[in-house]
Amino acid sequence: MWYICGVNIEDMENISITTNIASMAYDELSAEQRELVDRAKAMTYKSYAPYSHFRVGAAIRLESGVIVTGANQENVAYPSGLCAERTACFYAGAEHPDDKFKAIAIAARDTSGEFCAEPIAPCGACRQSLL
Ligand SMILES: [Zn+2]
């Protein structure tokens, strides 16, 4: 028998979460999807990352069609700061609380300043927040 914080986990509801991910080349994307990717890439230039030099941008399209954006924001109290995904997520929640997320694009530039060729997976905290 296992307990987490005094709760018998055998009594907990078992929830399964599935995330579908599609991998496509930029030219295979729809115009709407390319717009979201372009906005995420543009946001990497608004990143404040003087410590990691890893610049990330995110763009979330809401069901209304509105796009909200974010960029990672580091702080002198590093690693306190906020990822691009949560910056956009929380901005959307504050400004458009009744609008659901439809899609998110995330772009990153590495320490050389080049866009990363491979997809950048959100960190665990961002995944939980987005969920
Ligand atoms: Zn994150």
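Modeller: Start with a definition: two residues are in contact if their C-beta atoms, placed from the backbone, lie within 7 Å. In this protein, residues 24 or more positions apart account for 55% of the contacts with a separation of 6 or more. This is a predicted model: local features need pLDDT of at least 70, side-chain atom pairs count only at pLDDT 80 or more, and totals for chains, interfaces and linings use all residues. Residues are numbered from 1 along each chain as its sequence is written.

Biologist: What pLDDT does the protein average?

Modeller: The average is 90, and 93% of the residues score at least 70. pLDDT is the predictor's confidence in each residue, from 0 to 100. Where pLDDT is low, the predicted coordinates should not be read in detail.

Biologist: Why is Ala22 called exposed?

Modeller: A residue is buried if 20 or more other C-beta atoms lie within 10 Å of its own, exposed if 12 or fewer, and partly exposed in between; C-beta atoms are placed from the backbone. Ala22 has 7 within 10 Å, so Ala22 is exposed. Ala22 lies in the loop between strand E2 (7-8) and H1.

Biologist: What makes a nonpolar core?

Modeller: Such a core is a set of buried Ala, Val, Leu, Ile, Met, Phe, Trp, Tyr and Cys residues joined through C-beta atoms within 7 Å. The largest one here has 20 residues; Ala58, Ala59 and Ile106 touch the most other members. E7 gives the most to this core, with five residues.

Biologist: What counts as a helix or a strand?

Modeller: Helices (H or I, at least four residues) and strands (E, at least two) are DSSP runs, numbered from the N terminus. This protein has three helices and seven strands.
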